[in-house]
Amino acid sequence: MVEIAAIPAVDPDGSAQHVLALDIGGTKLAAGVVDMSGGVHSFVVASTLAEEGPDRGLERLFDLGRKAVDESGIAWEAIGAIGIGAGGPLDATRGVLIAPPHLPGWIDIPLTREAEKALGLPAALENDATAAAAGEHRFGAGAGTRHMIYLTISTGVGGGIVIDGRLYRGASGNGGELGHVTVDCNGRPCRGCGRRGCLEAYVSGTSIAERAQEAGMDGAVAADVASAAKAGDPVATAIWDETVDALACGLTSIVNLFEPELVVLGGGVVSGTGEQLLGPVRTRVRAGSMPPAAAGVEIVAAALGKRVGVVGAAAIAIERLGAGELRRHG
Ligand SMILES: [Zn+2]
């Protein structure tokens, strides 16, 4: 048996004041040490290089985690747990990545068990959009709310749902796929799920760029389309209006379904276009939702920016630690 120095206990008296957060994206890995108030003590990133396969990828991820702890200046003994965010499908309860499309070949990876083995701390896994929702709810734009919807609009569209102050996960952690709410059942094919007319098929950065390409705006991304529309370009205006329509339509259904106090919109498309997107969407959702759900709903931009993945994963670890749900395997 190999002796490893300084492996901490599983925070038996609740004295650990920090968690290590890991975020696995299709192109980038991120890690950071976060305290119980959401303060980020270190933040490091590396390329995922997903094509090198899961063994090498996990090695890089855990090395990055060690680097985050080193750079934070926080002692390992003061870190109570590891939170990990990754794209689904996954099994949050068992801590297993099932077959995420952005990580080809990473099939049935027992991620939390591997993290515990490598880093000596109990670990929790969550869908990255759900984790981001937890981060915005605990430490960001949604702090203090009880009923909150989070939507991240970037390459794809992900969602997270907070009901009565608690994260809604579904049976195994794959619920809250708000990007696949249908806005036109005979509409554009959805790359994310294979059906037609999902919100994601119209408002994702990928879809906006694709529709721009089809309309002859070669190489334009969402922010280009938005600024050309603002300048009065008729082709860009048509694409932008369709984007606003689809988002307003999908969000109206979501608001009718959940009656949230707050809708938080994050992701690159939102940060790149701001009120040009939020303004008309806010007006239309309020006008279109069934009263009285419509009257109270606020729609705002996310607050955590590029660190949302790490802060979200940390929020998951903090929540699971607090609930006494984190156990070492075996
Ligand atoms: Zn879909």
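**View 1. The four donor atoms around the zinc ion subtend angles of 104 to 117°, which makes the arrangement tetrahedral.** The model shown here and in the other views is predicted. The zinc ion is held by ND1 of His180 and by the SG atoms of Cys190, Cys193 and Cys198, at 2.0 to 2.3 Å. Along the chain, these donors follow the spacing H-x9-C-x2-C-x4-C. For four tetrahedral donors, the ideal angle at a metal is 109.5 degrees. Cysteine 190 has a relative accessible area of 5% and is therefore buried. Cysteine 193 is partly exposed, at 36% relative accessibility.

**View 2. Glutamate 210 and arginine 191 meet in a salt bridge through their side chains.** The N to O distance is 2.3 Å. Glutamate 210 belongs to helix α5 (residues 205–214), while arginine 191 is in the loop between β11 and α4 (200–203), so the pair ties together parts that are 19 residues apart in sequence. Glutamate 210 is partly exposed, with a relative accessible area of 23%. Arginine 191, with a relative accessible area of 66%, is exposed.

**View 3. A salt bridge joins the side chains of aspartate 164 and arginine 146.** Here the distance from N to O is 2.6 Å. The pair links distant parts of the chain, 18 residues apart. Aspartate 164 sits in the loop between β10 (157–163) and β11 (166–168), and arginine 146 in the loop between α3 (128–139) and β9 (148–153). Aspartate 164 is partly exposed, with a relative accessible area of 44%. Arginine 146 is partly exposed, and its relative accessible area is 44%.

**View 4. Glutamate 275 forms a salt bridge with arginine 282.** The closest N and O atoms of this pair are 3.0 Å apart. Glutamate 275 is partly exposed, with a relative accessible area of 47%. Arginine 282 has a relative accessible area of 18%, under the 20% limit, and so counts as buried. The count of salt bridges in the model comes to 17.

**View 5. A network of salt bridges links Glu126, Arg169, Glu319, Arg320 and Glu325.** Arginine 320 lies in helix α11, which covers residues 308–322. Arginine 320 is buried, with a relative accessible area of 10%. Leaving aside neighbours within four places in sequence, the contacts of arginine 320 include Glu126, Arg169 and Glu325. Arginine 320 is also in contact with Ala92, Ala124, Leu125 and Leu326.

**View 6. Five strands form an open sheet with mixed pairing.** The order of the strands is β11-β10-β9-β12-β13. At the edges stand β11 and β13 (298–301), each with a single partner strand, so one side of each is left without a neighbour in the sheet. On average, and with direction ignored, neighbouring strands of this sheet are turned by 25° against each other.

View 7. Leucine 151 has leucine 265 in β12 as its bridge partner.

Terms used: Residues numbered from 1 in each chain as written. Predicted model: local features only at pLDDT ≥ 70, side-chain atom pairs only at ≥ 80, totals over all residues. Heavy atoms only, no water. Donors = N, O, S within 2.8 Å, 3.2 Å for Na, K, Ca; no water. Tetrahedral: all angles 85-135°; square planar, octahedral: opposite > 155°, others 65-115°. Buried < 20%, exposed > 50% of the residue type's maximum accessible area, 1.4 Å probe, protein only. Salt bridge = Lys/Arg side-chain N within 4 Å of Asp/Glu carboxyl O. Helix = DSSP H or I, 4+ residues; strand = E, 2+ residues; numbered from the N terminus. Contact = heavy atoms within 4.5 Å. Pairing = 2+ DSSP bridges. Axes fitted to C-alpha atoms, helices over the stretch in contact; angles between N-to-C directions.
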